[in-house]
Amino acid sequence: MSTPSNLKYTASHEWIKQEADGTLTIGITDHAQEALGDIVFLELPGVGRSVKVGEACAVVESVKAASDIYAPVSGEIIEANQAAADAPENINADAWANWLFRIKPANPAELDALLDADAYAATL
Amino acid sequence: MPQRTPLYAAHLAAHARMVDFAGWEMPINYGSQIEEHHAVRQDAGMFDVSHMCALDLVGPDATSWLRRLLANDVARLTQSGKALYSCLLDEAGGVIDDLIVYFFTATHYRIVVNAGTAHKDIAWMRTHLAGFDVELNERRDGAHPLAMIAVQGPAARERFCTAFPATRSAAMQLAPFQAVECPINASAWMIARTGYTGEDGFEITLPAAQAEAAWQALLAAGVKPCGLGARDTLRLEAGMNLYGQDMDETVSPYEAGLRWTVDLRDAAREFIGKSALATRRVEQQFVGLLLLERGVLRAHQKVLTAQGAGEITSGSFSPTLNQSIALARLPVGVAIGSEVEVEIRDKRLKARVVKPLFVRHGKSLLASPSSL
């Protein structure tokens with residue numbers, strides 16, 4: 001599957017969508033869901049929690065293993081996707097459409113460190 | 001460089017995701033582990049288990065040697081083809097491996113051991129051959145290597161016999177835990193009514209050179225390829241131990257739920273580990289856990305009970321029960337049916353202690369009052 005060019009990425013396989021209001025929506029890439037296999041459980045961060053860049057703030061569990069999801073930038077968690085937690089298998093079906101949580105970034109300069117689609121694809 | 005089974009090319013052709021397992025490049029799944037799991041519970045699936053190691057044992061002292069080597073007693077095998085599950089113990093009563101031994105005659109047996117422990121097992125066995133007139137031949141490599149395919153599920157036996165009609169009369173009359181050597185394709189396949197899934201089915205041992213054609217014939221008969229991922233969740237639901245996870249040299253069979261495999265009926269039989277087992281303190285018991293909240297139990301998570309702490313040895317999500325289950329070693333005295341807590345990251349989640357058997361023949365066993 002192609003890597004959408006409108007998103008940013010981390011080397012740890014999160015995707016980041018920059019919303020018009022400056023907030024960020026975060027999910028895991030298609031490569032990540034495929035590597036994890038059937039996803040059966042999500043542990044999402046609480047709204048209001050403040051996270052530092054690179055901090056483990058969610059867990060995706062497949063039948064195979066548990067994987068930490070890292071905050072791509074520092075900031076405050078403003079929303080967690082309860083619909084994804086209720087049907088985690090939807091992430092296997094479409095990893096781009098089923099986000100995990102949203103962050104209000106504390107330091108916009110950190111966004112510069114994120115990968116674009118080509119740079120992410122080169123890591124795979 | 002990992003080793004490959006004779007079915008390596010067939011796995012790639014079926015779009016397997018390959019992983020390293022005990023030094024072998026094996027399929028973890030062919031797309032969806034959960035779909036493969038359900039195929040075995042509801043229909044028929046097949047597993048390449050050629051990484052496991054068959055050992056042929058021939059000689060006049062074969063029986064007496066096995067009665068010394070194994071904690072279970074091959075003397076109870078009287079019908080040709082009958083299989084027995086046993087632990088291989090060290091002098092301290094620790095588990096070196098678990099294995100299946102097939103009896104053909106009093107001077108001819110076949111042993112099948114785990115992939116990752118084969119070298120260790122063979123070395124151990126060879127050091128204990130002295131004084132016995134018996135020959136041990138490894139059959140995974142060498143001049144006439146063997147492959148193994150497990151065909152499992154409610155429709156597995158029928159599908160297998162459809163693919164190989166010449167075996168039908170011999171194969172369909174096999175009782176559980178019984179094997180037969182069946183002439184086919186100018187050779188002899190060992191067809192055993194055994195498995196590691198809690199479902200009916202066969203395990204086929206055949207010449208490596210015939211494995212790929214057999215795999216294709218089973219595929220054509222509607223048997224779904226299944227990877228090691230589904231094999232693990234199936235055996236976990238069936239409450240079957242995995243060596244290296246649920247037991248190893250540091251525990252005795254009594255702490256791994258395998259007391260039933262230690263045969264003490266012949267008081268005169270001196271098997272390796274027997275005297276240690278007689279005096280070894282048993283402080284832990286082997287149980288099942290059912291997670292009562294959302295989450296996934298995993299190996300090595302700590303279990304908190306009123307009688308002290310224990311540990312999960314295998315845990316995952318059960319596709320059949322749609323909740324998380326585990327096998328665990330808990331202090332003796334924790335009652336079946338009691339509620340315990342499991343530490344998962346920064347949380348403590350409630351779990352119920354059950355007998356270590358969750359699913360058999362496609363059905364949940366949790367509804368019965370004895371397990372809840």
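**One leucine and its surroundings**

Modeller: Let's start with B:Leu57: if we skip its neighbours within four places in sequence, B:Leu57 is in contact with B:Ala62, B:Tyr109, B:Ile111, B:Val134 and B:Leu136. Bear in mind as we go that this is a predicted model. B:Leu57 sits in strand β4 of chain B, the strand that covers residues 53-58. Is B:Leu57 buried or exposed? B:Leu57 is buried, because 23 other C-beta atoms lie within 10 Å, and the cut-off for that label is 20 or more.

Next, zoom out to the domains. Chain B is split into domain 1, made of 8-52 + 142-236, and domain 2, made of 54-138. Their C-alpha centres lie 23 Å apart. Where the two domains of chain B touch, 13 residues of domain 1 are in contact with twelve residues of domain 2. On the domain 1 side of that contact you'd find eight nonpolar residues, five polar ones and no charged ones.

How many residues of helix α2 of chain B are buried? This helix runs over residues 33-42, and seven of its ten residues are buried, so it is largely enclosed by the rest of the structure. The buried ones are B:Gln33, B:Ile34, B:Glu36, B:His37, B:Ala39, B:Val40 and B:Arg41. The cover over these buried residues of α2(B) includes the strands β2 (24-29), β3 (45-48), β9 (146-152) and β13 (224-225), along with the helix α8 (228-237), which are elements of chain B.

Here's a pair of helices to look at as well. Two packed helices are described by the angle between their axes and the distance between the axes. For α5 (residues 156-163) and α7 (residues 211-220) of chain B, the axes come within 9 Å and cross at roughly 115°. The crossing of α5(B) past α7(B) is right-handed. From α5(B), the residues B:Arg159, B:Phe160 and B:Ala163 meet B:Ala217, B:Leu218 and B:Ala220 from α7(B). Sort the residues of this contact by type and you get five nonpolar, no polar and one charged.

Loops deserve a look too. B:Phe177 is in the loop between α6 (168-172) and β10 (179-184) of chain B. Its phi is near 65°, which is a positive value in a residue other than glycine. B:Phe177 counts as partly exposed because it has 17 other C-beta atoms within 10 Å. B:Asn322 is in the loop between β16 (308-318) and β17 (323-331) of chain B, and its phi is near 60°, again a positive value in a residue other than glycine. With 9 C-beta neighbours inside 10 Å, B:Asn322 counts as exposed.

Now for chain B as a whole. Chain B has nine helices and 21 strands. Of its 372 residues, 48% count as buried. The C-alpha atoms of chain B fill a box of roughly 60 × 50 × 40 Å along the principal axes. A compact globule of 372 residues would have a radius of gyration near 21 Å, and chain B agrees because its own value is 21 Å. Take the contacts in chain B with a separation of 6 or more: residues 24 or more positions apart account for 66% of them.

Finally, there's the partner, chain A. Chain A comes to four helices and nine strands, and from the N terminus on the order is β-β-β-α-β-β-β-β-β-α-α-β-α. Its radius of gyration is 13 Å, close to the 14 Å that the globule rule gives for 124 residues, so chain A is as compact as a globular protein of that length. The C-alpha trace of chain A spans about 35 × 35 × 25 Å along its principal axes, and buried residues make up 40% of the chain. For contacts in chain A with a separation of 6 or more, residues 24 or more positions apart account for 62%. Where the two chains meet, the contact takes eight residues from chain A and twelve residues from chain B. The chain A side of that contact divides into four nonpolar residues, one polar and three charged.

Technical notes
Residues are numbered from 1 along each chain as its sequence is written. Chains are lettered from A and ligands numbered from 1 in the order in which they are written. This is a predicted model: local features need pLDDT of at least 70, side-chain atom pairs count only at pLDDT 80 or more; totals for chains, interfaces and linings use all residues. Axes are lines fitted to C-alpha atoms, for helices over the stretch in contact, and angles run from 0 to 180 degrees between N-to-C directions. Helices (H or I, at least four residues) and strands (E, at least two) are DSSP runs, numbered from the N terminus. A crossing is left-handed if the near helix is turned anticlockwise from the far one by less than a right angle, and right-handed if clockwise. Two residues are in contact if their C-beta atoms, placed from the backbone, lie within 7 Å. Ala, Val, Leu, Ile, Met, Phe, Trp, Tyr, Cys and Pro count as nonpolar, Asp, Glu, Lys and Arg as charged, and the others, Gly among them, as polar. Domain bounds come from an automatic or database domain assignment. A residue is buried if 20 or more other C-beta atoms lie within 10 Å of its own, exposed if 12 or fewer, and partly exposed in between; C-beta atoms are placed from the backbone. The radius of gyration is taken over C-alpha atoms; the globule rule is 2.2 Å times the number of residues to the power 0.38.
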